[in-house]
Amino acid sequence: MIIDDHPLFCDALSIVLKMVAGVDTVETAETLSQALDHLANRVTPDIVLLDLNLPDVNGLDGLLRLRARAPRLPIVVVSSMSDNRMISATLQAGASGFVPKHSQRDVFQQAFRAIELGKTYTPEGYIEPGMSGGEPDDAVSRLSSLTNQQSRILRLICDGKLNKQIAFDLSIAETTVKAHVTAIMRKLGVQSRTQAVLIAQQAKYAHLLPDA
């Protein structure tokens, strides 16, 4: 499945995949919502190629929400934002590989071969960014472990909302919110809501969490 809102790119990439990667059938989706509906109602694809900028998501949000819905599904990010830090962030968030949009067709062939062998694909010239203490990448990694609902709740926590307000916004019981908050803090390795918000800000991630 290709998730990208540019029809010409989807058509071109579909042809490339059939020619060089032995792909028989290619499904496309213009938004993350369409892709999630597809996963809910049809057979799960063998691999997903995901653009980071879609009409209904931006940045790592789409990748994290897709990973939460299908934890074992190989996801290759195909993006024009291909600096080392962006590539590193997508891998930390659970991508199986990263291919710059301007890549030649043999690069896609290499990526598919690597993933078939259970490896993670990174483009030629990629260098793992040096991180001071590894904190930003570590924050993204911890945030990527959250479920979709936990990510929504963390977004609302970042907005300064209390459990009662979150329960109202999401139409769930306050006790359910409390359970999610406890799970969020455990996954993030923090002891308070304030520390959880700091983790999100540390990764420059609060604006990428799903809207409630």
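User: What makes Lys161 partly exposed?

Analyst: Its relative accessible area. Lys161 has 27%. Buried means under 20% relative accessible area, exposed over 50%, and partly exposed in between (1.4 Å probe, protein chains only). So Lys161 counts as partly exposed. This is a predicted model: local features need pLDDT of at least 70, side-chain atom pairs count only at pLDDT 80 or more, and totals for chains, interfaces and linings use all residues. Residues are numbered from 1 along each chain as its sequence is written, and side-chain values use heavy atoms, without hydrogens and water.

User: Why is the contact of Lys161 and Asp169 called a salt bridge?

Analyst: A salt bridge is a side-chain nitrogen of Lys or Arg within 4 Å of a carboxyl oxygen of Asp or Glu. For Lys161 and Asp169 the N to O distance is 2.5 Å. So the pair qualifies.

User: How do you know that Lys101 and Asp4 meet in a salt bridge?

Analyst: Their side chains come to 2.9 Å, N to O. Lys101 lies in the loop between strand E5 (97-100) and helix H5 (105-116), and Asp4 in the loop between strand E1 (2-3) and helix H1 (7-20), so the pair ties together parts 97 residues apart in sequence. Helices (H or I, at least four residues) and strands (E, at least two) are DSSP runs, numbered from the N terminus.

User: Why is Asp4 called buried?

Analyst: Its relative accessible area is 2%. That puts Asp4 in the buried class.

User: What makes Asp51 buried?

Analyst: Asp51 has 6% relative accessibility, so it counts as buried.
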